[in-house]
Amino acid sequence: MISFTVTAVVFGVVFLAELPDKTALAGLVLGTRYRASYVFAGVAAAFAVHVALAVAAGSVLTLLPQQLVHALTGVLFLGGAAVLLMKKDEDEAEVRKPENQSFWKVSGAGFMLILVAEFGDLTQIMTANLAARYDDPLSVGVGAVLALWSVAAIGIVGGKALMRRVPLKLITKVAALLMLGLGLWSLWEAIVG
């Protein structure tokens, strides 16, 4: 059974952390060159693979004592908040243009770009932390996938308009504050037991 609360928390945290990421910009670039549905199919598949790997890694962490898991996830969330706060503006990555506009070429390019760019990314590590934190792999997986797909859709379809209206620095700071709060809460739970 899926917990709406866990899914919503994961969605919010992952969505805010991924929005200022380079993959949103890469999706935007691909979306301006190719059919949006083809790009989204490849990007969505790559994100699903990343979430599955992250949730599996996080589920392994649930086998450890709870206080240790809370302390570990707290430190990792605090580290993630620090990374977001210290992150410089990312340049738009160069995206190789497939030879033609076929579904397989375009979706394959989107899949490979995201698969490589997101491996070991902050949101993948956060998803593993959240899976360990909540011990609810299905809810965490659904929340993370929906967040990543939402960011991809925004990047592909309307990224330019959003970035003109909402400053990237503000989005990054909100995501960092959420991670800071989750990190402090996890450390508090580790101490209180």
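**View 1. Buried residues of helix α5.** The buried residues of α5 are Val106, Ser107, Gly110, Ile114 and Glu118; buried means under 20% relative accessible area, exposed over 50% and partly exposed in between, with a 1.4 Å probe and protein chains only. Seen down the axis of α5, these buried residues fall within an arc of 90°, so they line one face of the helix. The arc is taken from the directions from the helix axis to the C-beta atoms. Trp104 and Val116, on the other side of α5, are exposed. The model is predicted: local features need pLDDT of at least 70, side-chain atom pairs count only at pLDDT 80 or more, and totals for chains, interfaces and linings use all residues. Residues are numbered from 1 along each chain as its sequence is written, and side-chain values use heavy atoms, with hydrogens and water left out.

**View 2. Length of α5 and the place of Gly108.** At 1.5 Å a residue, the 16 residues of α5 should span 22 Å, and the end C-alpha atoms are 22 Å apart, which agrees. The expected span is 1.5 Å times one less than the number of residues. Gly108 lies in α5 and counts as partly exposed because its relative accessibility is 27%. From C-alpha to C-alpha, Gly108 is 8.6 Å from Val43, although 65 residues separate the two in sequence.

**View 3. The largest nonpolar core.** This core has 35 residues; a nonpolar core is a set of buried Ala, Val, Leu, Ile, Met, Phe, Trp, Tyr and Cys residues joined through side-chain atoms within 4.5 Å. Val10, Val14, Val39, Met126, Leu130 and Val140 have the most contacts inside it. At least two core residues come from each of α1 (4–18), α3 (36–61), α4 (66–86), α5 (103–118), α6 (122–134), α7 (137–165) and α8 (168–192). The most, eight residues, come from α7.

**View 4. Surroundings of Val140.** Leaving aside residues up to four places away in sequence, Val140 touches Val6, Val10, Val55, Thr127, Leu130, Ala131 and Tyr134. Contact means heavy atoms within 4.5 Å.

**View 5. The chain as context for the close-ups.** The chain has eight helices and zero strands; helices (H or I, at least four residues) and strands (E, at least two) are DSSP runs numbered from the N terminus. Of its 193 residues, 44% count as buried. Among contacts in the chain with a separation of 6 or more, 92% join residues 24 or more positions apart. The accessible surface of the chain, from the Shrake-Rupley method with a 1.4 Å probe, comes to about 9,900 Å², of which 70% belongs to carbon and sulfur atoms.
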